[in-house]
Amino acid sequence: MRSFQRAKSRIVANAIYQKDDHSNLALQYGVAASLGLSVEDVALWQERIKGVTTEDIRNALTLLERSTGIVGYLTPPATDA
């Protein structure tokens, strides 16, 4: 539970720091607009993150389709023959 709270705090802190950079702020609004989100959605994002509970995460995990996940394997580079 403690690491969950720490993760939420880091996400919120990162969002606050990004607002200091005008380019990042413009990017946030541009991405939100491209996803059909509103200015209000961007403004309230930090408060919504603060409100996420571990139960919310558990519920979201039940929605994932594990059988269609993508798996990748790292292999050594091919050698020139």
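Mentor: First a definition: a salt bridge is a side-chain nitrogen of Lys or Arg within 4 Å of a carboxyl oxygen of Asp or Glu. Please keep in mind that this is a predicted model, where local features need pLDDT of at least 70 and side-chain atom pairs count only at pLDDT 80 or more, while totals for chains, interfaces and linings use all residues. Residues are numbered from 1 along each chain as its sequence is written, and side-chain values use heavy atoms, leaving out hydrogens and water.

Trainee: How many salt bridges does the structure hold?
Mentor: One joins Glu-47 to Lys-50, with the closest N and O atoms 3.4 Å apart. Another links Glu-55 with Arg-58, at 3.7 Å between the closest N and O atoms. Asp-41 and Arg-48 also form one, and the total is 3.

Trainee: How far apart are the closest N and O atoms of Asp-41 and Arg-48?
Mentor: Asp-41 is partly exposed, at 22% relative accessible area (buried means under 20%, exposed over 50%, partly exposed in between, with a 1.4 Å probe and protein chains only). Arg-48 is partly exposed too, at 46%. Their closest N and O atoms are apart by 3.1 Å.

Trainee: Which helix holds both Glu-47 and Lys-50?
Mentor: Helices here are DSSP runs of H or I with at least four residues, numbered from the N terminus. Glu-47 and Lys-50 are 3 residues apart, about one turn of the helix. Both lie in α3.

Trainee: Which side chain of opposite charge is nearest to Lys-8?
Mentor: Lys-8 sits in helix α1, residues 2–18, and is buried without a salt bridge. For charge, Lys and Arg count as positive and Asp and Glu as negative, with His and the chain ends not counted. The nearest side chain of opposite charge is 7.5 Å away, and belongs to Asp-56.

Trainee: Which residue's backbone oxygen does the Lys-8 side chain reach?
Mentor: Leaving aside neighbours within four places in sequence, Lys-8 is in contact (heavy atoms within 4.5 Å) with Ile-49, Lys-50 and Val-52. At 2.9 Å, its side chain reaches the backbone oxygen of Lys-50.

Trainee: Is Leu-35 buried or exposed?
Mentor: Leu-35 is in the loop between α2 (22–34) and α3 (39–50). Because its relative accessibility is 61%, Leu-35 counts as exposed.

Note on methods. Helices (H or I, at least four residues) and strands (E, at least two) are DSSP runs, numbered from the N terminus. A polar contact is a pair of N or O atoms within 3.5 Å; within protein, one must be able to donate a hydrogen and the other to accept it, and residues adjacent in sequence count only if both atoms are side-chain atoms.
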